[in-house]
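Thanks for making the time this morning. Please have the sequence and the 3D view open side by side, and I will take you through a few places, starting with a single residue.

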Amino acid sequence: MRKDKYRFLLRVGQVLLSIFVTLLIIGVLIFVTQGRDIPVLDTHGLIADQEKNLILVVFALGFFIVIPVFILLFSIAWRYRAGNTKAKYQPEFESHRGLEALWWGIPCLFIVVLAIITAVSTHALDPYKPIDSKVEPVKIQVIALEWKWLFIYPDEEVATVNYINIPKDTPINFTITSDAPMNSFWVPALAGQVYAMSGMSTKLHFMANSAGTFNGVSANISGDGYAGMTFKVNSMEQADYDAWVKKSETSPQYLTEAMYQKLEQPSKNEAQATYVLNDFDLYNKVIMKYMSSEGNASTGELKAAL
Amino acid sequence: MWQGIQELVFGRLTPSDFVHDPIMAGAGIGMVGALVLAMIALTYFKKWKWLWKTWITSLDPKKIGVMYLIVSVIMLLRGLADALLLRTQQAAGGSVEVLNADHFQQIFSAHGTIMIFFVAMGIIFGIFNLIIPQQIGARDVAFPFLNSVSFWLFAAGMILINAPLVVGEFSAAGWLAYPPLSGLEYSPGVGVDYWIWSLQIAGIGSLLSGINFFVTIIKMRAPGMTLMKMPIFIWSALGSTSLIMFAFPILTATLGMLALDRLLGMHFFTSDMGGNPMLYINLIWAWGHPEVYILVLPAFGIFSEVVATFSGKKLFGYKSMVIALAAITFLSFTVWLHHFFTMGAGADVNTFFGIMTMVIAIPTGVKVFNWIFTMYRGRVRFTTPMLWFMGFIVTFTLGGLAGVAMSVPAADFQFHNSLFLVAHFHTMIVGGVLFGAFAGFSYWFPKFTGFTLNEKLGKIAFWLWIVGFLLAFVPLYILGFMGATRRLDSYDPSLGWQGLFIVAGVGVMIIAAGVGFQLLQIVVSIIQRKKNRVGEDPWDGRTLEWSTATPPAEYVYAVIPTVTERDAFWESKKNKHHKVAAPVYEDIWLPKNSGAGAIIGLLAMVFGAAIIWHMFWLVIISFIGIVVTLIIRLTNDDTEVKLPAAEVAAHELKRGTV
């Protein structure tokens, strides 16, 4: 009798302790998360918005499966615990056609739904697909260097390091390459990422729908200074953007071949810089330098598309 | 002139390669110190001969299995120490430098490589060695000597991957060393070579071992054990080993090409001269994705055995389970591209690989339901292995959900290479493979020792692991949504990530405490072995391994059993009123000990070290040494020793009376 009481108290203690630990963990997680910027969910671009919705739909669908699994797991485990001798014991119960059909069937249905979502969303959100808009897009060529980002505005005839200014509500067409190990170009608040690879040109499109400054990073390790390969995306009103372009055109620094060779040298945590574009073919030259005459004859763009 | 000779003899090795920063030097001195201490102890207690005769030269799979497990546990501690260092750097605030970038990158590259190749793979092969022959009613594996070679190649790789703590540096290119970063242009040092050659040598060991166990399962099952009467763990091992046979040659070829790029300046994977890094990324994942299933399928098998035994009930839906295992085995070769949806492949290609990835969730989901329903109408005993099982279902389902979310390409663009991804694969590999290994360890431990592990300490370890695990990885999921990428040695403190990294760091420390309790559990259990002594069948087992002596005799089965049904041992216990005919003992042939495996391992290690440091004369000599050792061993026909029937009978009589 006394032993029963002791065990009961122990059980109560265990339950209280686990509730306390759970609440503590949740409390700590809320405390360290609140007020922080969550760009994948707090999106500011046409593409990222759709990607966020997609993520939320997939998770919602997933919880339809996960929650019943948890309920089944814990209720069956509790009901058929060895101590509960009242529960039915059927050691030979090893298969049931109906039940098994049910759990081959339900996941199949779930996957069919998800497959349709996948097929549609993958085509709709293909990073190579230009954004449908009446506004004339801004073209930006991206070159990942050791360990900084060089952005070339071929039409505006300016170039920047580690920041881009863009007009809001305007599609931005990126072509991306690398003159360094492989990097990945990612601005989570505006769109998902695409790799930057030397000798190849990949594409990405996005459009900011509000003004503000967003963080961009390299998402793929590329050597010593990789962690410092961050850049800012400043989305602004068209007028502000035009003013910036005008001002940049009078920048004292020119992106000549000599300047590029200087930029190409490995350096960490590079400061932002603005240049007047001098060599209009620079982006292609950077790609073509990996295409030596003995090398593969196919163009970079083709290879990346394969 | 003098320099020329030096280069000829020592390759690129110079005295300055032994100089390390304090943390690495400390780890190096610690490792070498422990080795020296062990050697002194062996000399003092005059145990060298014992070590050589009973362990190093042994071809007994039970001994080889234990050696695999010992190596894996030591490597688990190394990998865990790496994890602690990584989290310390990240919790320090983003701009504080505990480790410099290069050192940080070496550590995460080592952490990943060691945890997969020398912890997870080692544990899987350890369990294969200990369990497979017994469970199929065989005395040994198909090729006992090959088994020893496999283990010593694995050990050679293990030593090579730890050598950078003492001499040289390790790769800083991540655990899969993507070119062009891992190419000669961006990584001219020895680091990537260490990575290549330790994996190449251990990988060949894994391939040989995979072949060995595949043949063992196909050819050596007890009479009557048809494929559909095999225990489900054997099915999972069959899936795993067939994956090894198809996937590991890809790894060998890929590493070989990368080595040629680096040694001879070839251009398989460079960006210029017609080379193509995308080829490498495809090849490495054509191995890498099946590798995940090589590890997790056996864990599925272990959980199936555990849940059936501790529910006192047949495994639910055996046929479904087999079909699901086969489906996963096949499908695992059709999804590798989901590791790089972001490489710019077209929407059609991405859609195909995304859907194939989701399809794997179907058989996996079926398995989860079958496991849960194995408990239905059972009598579930919540011993430590069952707790690991419950923990596994919870973490694996949640991690699986994250995985399904990432299999949608457009969603993956936001998750790829972020800490969300890191959290996902840790949930799967820790919650799947490691929890499975822990469940299997406490489940089968009494079979080989005759006493159970201390339950109380085991349960404390479990709860520490679960809490630590949630604390270590839930923050990483959140950080992924915040745009934190993997492998960051520094970040802008104004992003406010530090709090989450601190929580994650605390989680790793709690996990480390859990590991501490597991080690304590083993020590305490050995001290209290008299108290926890159990017989041959402590859990009311179902499969054949519980019918053998505890600990099993070297020959395991005096008489090879005949199987008529699934769960052969359970059925034989049920029908024990049938009179069993007196056993007829026969002479048993056992493999003789052989030192050739260890010698080949040693020479392979020398070969690896020599090629890493460009000492080409030594490369040639050690290679010739390996070939000569093999020829000597393979031309020797006197490799077995006879155990006379009388001796077997005497041994079995003793077992009957204990």
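Let me begin with Gly450(B), which takes a positive phi of about 90° just after the helix H14(B). Before I go further, a word of caution: this is a predicted model, in which local features need pLDDT of at least 70 and side-chain atom pairs count only at pLDDT 80 or more, while totals for chains, interfaces and linings use all residues. Residues are numbered from 1 along each chain as its sequence is written, and chains are lettered from A, and ligands numbered from 1, in the order in which they are written.

Helices here are DSSP runs of H or I with at least four residues, strands are runs of E with at least two, and both are numbered from the N terminus. Helix H14 of chain B covers residues 419–449, and its 31 residues reach 41 Å from the first C-alpha to the last, close to the 45 Å expected at 1.5 Å a residue, where the expected span is 1.5 Å times one less than the number of residues. H14(B) bends by about 35° at Tyr443(B), with Pro446(B), a proline, following within four residues; the bend is the angle between axes fitted to the seven residues ending at a position and the seven starting there. Of the 31 residues in H14(B), 27 are buried, and buried means that 20 or more other C-beta atoms, placed from the backbone, lie within 10 Å of the residue's own, with 12 or fewer counting as exposed and anything in between as partly exposed.

Is Lys49(B) buried or exposed? Lys49(B), which sits in helix H3 (residues 48–56) of chain B, counts as exposed because it has 9 C-beta neighbours inside 10 Å.

Turning to where the chains meet, 84 residues of chain B are in contact with 84 residues of chain A, contact meaning that C-beta atoms, placed from the backbone, lie within 7 Å. Several helices of chain B give two or more residues to this side, including H5 (101–135) and H16 (498–527), and H11(B) gives the most, with 16 residues.

Finally, chain A itself has seven helices and twelve strands, and its C-alpha trace spans about 90 × 45 × 40 Å along the principal axes. Of the 306 residues in chain A, 39% are buried. Among contacts in chain A between residues at least 6 apart in sequence, 71% join residues at least 24 apart.

Notes
Two residues are in contact if their C-beta atoms, placed from the backbone, lie within 7 Å.
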